[in-house]
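My notes follow in the order I took them.

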Amino acid sequence: AKFSRSLTPRVGEEICSYGFPLASILASTGSLSVGTLNSLSGIGNNVAEFQISIPIQPGNSGGPVLNRKGHVIGIILGKLDDAALASATGQIPQNVNFAISSLAVNAFLNANHVPYRRSGWLSFSKSNEKIAAEAQKYTVRVICYR
């Protein structure tokens with residue numbers, strides 16, 4: 001995986017994620033989902049996160065959020081609690097999901113002396129098929145048993 005050299009993604013940018021949503025019910029192989037970067041901050045204006053419209057299910061958490069060049073711009077965090085928000089406001093949120101920004105991820109990796117790669121200065125947009133093929137090489141399913 002390569003992190004995007006550009007540290008600031010853009011609102012409205014088409015993005016995608018690669019993960020293993022509902023792998024015990026759906027396919028156990030990875031899948032690519034496409035959406036939009038909706039906001040450069042998360043709940044309570046948290047700038048370490050951003051809001052995305054990519055559908056999120058259990059099994060997506062920890063997966064990469066990728067720009068059209070296939071570079072990592074964030075890590076899937078989760079979504080609003082539909083039931084809790086419906087109980088509190090009477091409204092069911094629709095596709096309100098969040099990712100940890102690459103700035104926050106890079107800061108964590110730097111603080112813990114974990115090396116990572118950045119994209120080159122010159123790179124081009126890729127097809128969804130190419131992005132999925134590349135993401136499949138470095139994204140693995142992690143299962144936790146209790």
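I began with R68, which counts as buried because its relative accessibility is 18%, below the 20% cut-off. This is a predicted model, so I take the values as computed from it. The side chain of R68 forms a salt bridge with that of E14, at 3.1 Å from N to O. I noted where the partners sit: E14 is in strand β2 (residues 14-19), and R68 is in the loop between β5 (64-66) and β6 (72-79). They are 54 residues apart, and the pair links distant parts of the chain. E14 is partly exposed, at 39% relative accessible area.

I then looked up the other salt bridges; the count comes to 3. E134 pairs with K126, with the closest N and O atoms 2.9 Å apart. E134 also meets K130, at 3.8 Å from N to O. K130 and E134 are 4 residues apart in helix α3 (residues 128-138), so about one helical turn separates them. I recorded K126, K130 and E134 as a network of salt bridges. K126 is partly exposed at 25% relative accessibility, and K130 is partly exposed at 44%.

Next I checked the pockets. The largest pocket holds about 420 Å³. I found 19 residues lining it, with F20, G59, S61, R141 and V142 nearest its centre. Its lining has 10 nonpolar, 8 polar and 1 charged residues. The second largest pocket has a volume of about 320 Å³. Its lining has 18 residues, and S4, S6, E13, N67 and K69 are the closest to its centre. By class I noted 4 nonpolar, 9 polar and 5 charged residues there.

Last, I looked up N106 in helix α2 (residues 102-111). N106 is buried, at 3% relative accessibility. Leaving out residues up to four places away in sequence, N106 touches F3, L7, Y116 and R118.

Methods:
Residues numbered from 1 in each chain as written. Predicted model: local features only at pLDDT ≥ 70, side-chain atom pairs only at ≥ 80, totals over all residues. Heavy atoms only, no water. Helix = DSSP H or I, 4+ residues; strand = E, 2+ residues; numbered from the N terminus. Buried < 20%, exposed > 50% of the residue type's maximum accessible area, 1.4 Å probe, protein only. Contact = heavy atoms within 4.5 Å. 1 Å grid on protein atoms, 1.4 Å probe; cavity = no way out; pocket = protein on both sides within 12 Å on 5 of 7 lines; lining within 4 Å. Points joined across faces, edges and corners; volume = space filled by probe spheres on them. Nonpolar A, V, L, I, M, F, W, Y, C, P; charged D, E, K, R; others polar. Salt bridge = Lys/Arg side-chain N within 4 Å of Asp/Glu carboxyl O.
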